[in-house]
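Hi there,

Here's the structure I promised to pass on. Have a look at it first, and then read my notes below.

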Amino acid sequence: MPTPTKGPRLGGGPAHERLLLANLAAALFTHKSIKTTETKAKRLRPVAERLITFAKRGDLHARRRVLATIGDKSVVHELFTEIAPLVAEREGGYTRITKLGFRKGDNASMVQIELVLEPVTPKVRSTRATSSAAAAPAVSVDEPVVAEADAEVPVEETDTVETSEPIADEAPSTEAAEVEADAAEKADDAK
């Protein structure tokens, strides 16, 4: 039997593995969340995410590619009409794997794999990157160049002023004097 390209072999052979992953993907799309072993979930994740990427494209060729993997037309219809619009703004990461513990019979690691259907919250860009990009427009030869220091910058005003007491002079110890003398000798030797 040929060795798999990624991860452990599931089932008896490659055909059985393809069918197993297709059935797991169909169950995931139907129920939005399934409980399975960790190994099967890790092998299912790239298959399911690729099918969702096809569904986001939404054209006839993509639908036929998904139908080649999942034979059930009702599951494919649900994937294209219900799931794909919910993940339209998401750029990958359509599934989430959560560990549940170990199965009682054979101590297999069980996980829950689910679709991430929450809306995407856009990342906030840093203000320095956006302000420097906006502050540096194209400069014409005829226009005078204005330095950024001349521009008005809002200054935060504070009411309280913190003061600290001066540190009392410490009396030098004999050990400190010896260390300083050694350092001075080494500095003279280095010259």
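Predicted model: local features only at pLDDT ≥ 70, side-chain atom pairs only at ≥ 80, totals over all residues.

Now for helices α2 and α3. Their crossing is left-handed. The contact is built from Arg 50, Leu 51, Phe 54 and Arg 57 on the α2 side, with His 61, Ala 62, Arg 65, Val 66 and Thr 69 on the α3 side. Sorted by class, that contact of α2 with α3 holds four nonpolar, two polar and three charged residues. As for the geometry, α2 covers residues 38-57 and α3 covers residues 60-69, and their axes come within 8 Å and cross at roughly 155°. Angles over 145 degrees count as roughly antiparallel, so that's how α2 and α3 run relative to each other.

How do α1 and α2 cross? The axes of α1 (residues 14-31) and α2 come within 9 Å, at an angle of roughly 70°. That makes α1 roughly perpendicular to α2. The crossing here is right-handed. From α1, Glu 17, Leu 20, Leu 21, Leu 24, Ala 25, Leu 28 and Phe 29 meet Lys 40, Arg 43, Leu 44, Val 47, Ala 48, Leu 51 and Ile 52 of α2. By class, the contact of α1 with α2 has 11 nonpolar and three charged residues, and no polar ones.

One last thing, about rings: Arg 63 sits over the face of Phe 80, 4.4 Å from the ring centre.

Cheers

How values were computed: Residues numbered from 1 in each chain as written. Heavy atoms only, no water. Axes fitted to C-alpha atoms, helices over the stretch in contact; angles between N-to-C directions. Helix = DSSP H or I, 4+ residues; strand = E, 2+ residues; numbered from the N terminus. Parallel < 35°, antiparallel > 145°, perpendicular 65-115°, else oblique. Left-handed = near helix turned anticlockwise from the far one by under 90°. Contact = heavy atoms within 4.5 Å. Nonpolar A, V, L, I, M, F, W, Y, C, P; charged D, E, K, R; others polar. Lys NZ or Arg CZ within 6 Å of the ring centre and 35° of its normal.
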